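Here is a short report on backbone geometry and nonpolar packing. Keep the sequence and the structure open while reading.

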Amino acid sequence: MAIDVRRGSDPTPAPPTAAGAMPEVGQLEKGVALCLSGGGYRAMLFHLGSLWRLNEGGLLPGLACVSSVSGGAIVAALLATRWPELAFNSQGVSAPFGAAVVQPIRALARHTIDVGSITGGLLNPFSTIADSIVAAYRKHLLGSQKLNSLPDQPRFVFNATNVQTGALWRFTKEYMGDYRTGRVMSPTLELAVVVGASSAFPPFLSPVHLKLNPQSVKPDPGSDLSHRPFTSNVVLSDGGVYDNLGLEPVFKRYDTVLVGDGGAKMAPEEEPASDWARHSRRVLDLIDNQVRSLRQRVLIAAYEDSSRQGAYWGIRTDIANYQLSDALPCPHATTLELAAVPTRLAAVEDALQERLINWGYAVCDAALRKHFPPKTSTRPAFPYPRGV
């Protein structure tokens, strides 16, 4: 897919400001950042449950930043577009949350958009797989909403991976770019394209190409690749290739970090394939698994040494580890089954949707009450009576 954003680009945008800068650790801002990981529809629904609990706890309007990747970017983009409709009350709770956020995400989850997009992209010489994915996001969820229409507070960051530079490419209302290429200020890109880039799972849904006006790309200090072709044709893949937690944009900036992790864990294989293609894929999965684990360990270590406040909850977490006597009943064997739902953009039947939402709600509730208490005293209860 090639998205041409050259036409109409401002050749002299304002220089980069502190709005997107990453301060050193000793200069952390006081503020709560929320990270929503990748993981296809599985993660999207898991995060929807977490957002449900954050809303009940009165925590959503206090967020300074929402950083998202792939499946997390889908639900974050919808949250961003519906933010003006949420009408938070004096306790910070949105009564319209269900209609504004829950219902549209669940409606999207009833549609398979990956297989049809792959087939269409392979058979249609005038369209790519990524074109079809973006069209599906536009049709079923985001319409023609653009980055520059997002709210100023919280700050929404959508993450993709720049395949050329090996850096994290960030989309925000203020700018899009990476530290090696530079930035395009005040981008007017469609959110459907942004989410399409963030969720461009390799190998089939990746890459997404952005065609830029090189004059609109302004280097940061130290940008070593701020020249063609890096500033004219940007090649992007799924944000999870670089950082599946969406942690990097917030970890060096905010003193409080909440992380919802709906990512899959690599399964063991008794007899790994020996042919070069499948063996290479297995080795790449091993590398990816280690990178994810290291980011998680850095985060937990920061909580433990009090350099960061906040809470982490994951789709593979054993809720018993929070040691709450009144945690919602979520048997670990059952929740591991939910964690094993494939990383796809494939239709999820309603009963499974509800279980994933319930699990995201329950484990987020336990993490918050253990480490970052909600502002309201609402007694937690599964959004859907079936439980997990």
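## Cis peptide bonds

Pro154 sits in the loop that runs between helix H5 (129-142) and strand S4 (155-162). In this predicted model, the peptide bond from Gln153 to Pro154 is cis, with omega near 0°.

A cis bond also joins Arg228 and Pro229, where omega is about -5°. Pro229 belongs to the loop between strand S9 (217-218) and strand S10 (233-238). Most peptide bonds are trans.

Most residues other than glycine have a negative phi. Ser186 is not a glycine, yet its phi is positive, at about 50°. Look for Ser186 in the loop between strand S7 (182-185) and helix H6 (191-198).

Ser306 also has a positive phi, near 65°. Is Ser306 buried or exposed? Ser306 is exposed, because its relative accessible area is 53% and the cut-off for exposed is over 50%.

## Nonpolar cores

The largest nonpolar core has 94 residues. Phe158, Phe171, Leu210, Trp313 and Trp359 touch the most other members. Helix H11 (residues 350-371) supplies the largest share of this core, eleven residues. Another core lies apart from it, with 16 residues, among them Ala64, Cys65, Leu247 and Phe251.

What does Phe158 contact, leaving aside its neighbours within four places in sequence? Its partners include Ala73, Ala76, Ala77, Leu147, Leu150, Phe171, Leu191 and Val194. Ser68, Trp169 and Arg170 are also in contact with Phe158. In soluble globular proteins, nonpolar side chains tend to be buried together.

Note on methods:
Residues are numbered from 1 along each chain as its sequence is written. This is a predicted model: local features need pLDDT of at least 70, side-chain atom pairs count only at pLDDT 80 or more; totals for chains, interfaces and linings use all residues. Side-chain values use heavy atoms; hydrogens and water are left out. Helices (H or I, at least four residues) and strands (E, at least two) are DSSP runs, numbered from the N terminus. Buried means under 20% relative accessible area, exposed over 50%, partly exposed in between (1.4 Å probe, protein chains only). A nonpolar core is a set of buried Ala, Val, Leu, Ile, Met, Phe, Trp, Tyr and Cys residues joined through side-chain atoms within 4.5 Å. Contact means heavy atoms within 4.5 Å.
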